[in-house]
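Subject: Structure handover

Hello,

Here is the structure I promised you. Please open it alongside this note; my findings follow below.

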Amino acid sequence: MNIPLSNRLKACCELVRQGDRVADIGCDHGYLGIHLLRENIAASVIAADINEGPLQSAIQNAGKFGVKDRMTFYLSDGVNSIPKDFDTLVCAGMGADTMISILESAPWLKNAKYRLILQCQSRRPALRKYLYEQGFCIRKETLAKDGRFIYPITEVIYTPSPALSPAQYHITPALLKSGSELLPAFYQMVVDGLVVSVKGLSRTGGEKYEQYKAVLQELKELEERIYGNRC
Ligand SMILES: C[S@@+](CC[C@H](N)C(=O)[O-])C[C@H]1O[C@@H](n2cnc3c(N)ncnc32)[C@H](O)[C@@H]1O
């Protein structure tokens, strides 16, 4: 029986180290943890969700795939009700505001012994800026494609580092270093999104308009340096 794991979640799993004790926050169906255990990547998995329905489905699926004995289940808002004895926290499929509120309520995660694997669905630049302001740093970033969507997945660690530039919160140095074959398409997607935002804001102008315009300019210059002029 195959686990229905998306490329997005597979890419999260690829950042988990052999033998890690993993906490999957917002586990929903539980497939990420189940895959990590079935492939003998993780030593153990804490599966947590804020909602009873998804947690029950994770428990059922863990039984179905024969890994229930190596998984523990918690009804928990973020990491508030889980034990702290894990190495890697995975948080996937949530927006920046939820991830920020999870991190805000757990200052104990500001410790280099924890690695965070974050796959954020919305307002990613805001999350990245928050991470750097809080002393976290993006060590690795990769991309995964499901259907027509490309998702960045970041490995984050607590190591106070210099802030990134506004454009680097959209395309990080770690992602540029990744060598991902999806990078040109993702870059274009980010630039296209910014063009739409700048166009929309051009009627009213203001601080946000100027910020987005500057980010777009920086990204276009960077793109020319990396890929040359593609016109
Ligand atoms: C869209 S699903 C993503 C599931 C899975 N991680 C994935 O990426 O496919 C989001 C899950 O996070 C849970 N969730 C939302 N806010 C949460 C929080 N503050 N703490 C724990 N779980 C949360 C939801 O109940 C839901 O099951």
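A term before the findings: two strands count as paired if DSSP finds at least two bridges between them. With that in hand, look at β4 and β5. They pair in the parallel sense, over six bridges. Within this pairing, alanine 92 stands opposite glutamine 119 in β5. Please keep in mind that this is a predicted model.

The sheet

The sheet is open and has seven strands. Their order is β3-β2-β1-β4-β5-β7-β6, and the pairing is mixed. At the edges sit β3 (71–75) and β6 (136–146), each of which pairs on one side only. From one strand to the next, the twist averages 20°. Helix α5 (residues 124–133) packs on the sheet and touches β5, β6 and β7. The direction of α5 makes about 160° with that of β6.

Strand β5

In general, strands of a sheet pair through backbone hydrogen bonds, either parallel or antiparallel. β5 takes part in both kinds. With β4 the sense is parallel. With β7 (residues 149–158), β5 (residues 115–120) runs antiparallel, and four bridges join the two. Two facing pairs can be picked out here. Arginine 115 stands opposite isoleucine 157 in β7. Leucine 116 stands opposite valine 156 in β7.

How covered is β5? Mostly: six of its six residues are buried. In a regular strand the side chains alternate between the two faces of the sheet. On one side of β5 are Arg115, Ile117 and Gln119. On the other are Leu116, Leu118 and Cys120. Both faces are covered.

β4, α4 and β5 make a right-handed β-α-β unit.

The ligand

Which residues come nearest to the ligand? Of the 16 around it, they are Gly26, Asp28, Pro54, Ala92 and Gly93. Ala92 is the residue that stands opposite glutamine 119 in β5.

Three elements each supply at least two residues of the shell: β2 (44–49), β4 (88–94) and α4 (96–104). The largest share, three residues, comes from β4. By class, the shell has eight nonpolar, five polar and three charged residues.

So much for the findings. Over to you.

Best wishes

Conventions
Residues numbered from 1 in each chain as written. Predicted model: local features only at pLDDT ≥ 70, side-chain atom pairs only at ≥ 80, totals over all residues. Axes fitted to C-alpha atoms, helices over the stretch in contact; angles between N-to-C directions. Contact = placed C-beta atoms within 7 Å. Near = placed C-beta within 6 Å. Nonpolar A, V, L, I, M, F, W, Y, C, P; charged D, E, K, R; others polar. Buried ≥ 20, exposed ≤ 12 C-beta atoms within 10 Å, placed from the backbone. Right-handed = clockwise from strand over helix to strand, strands pointing away.
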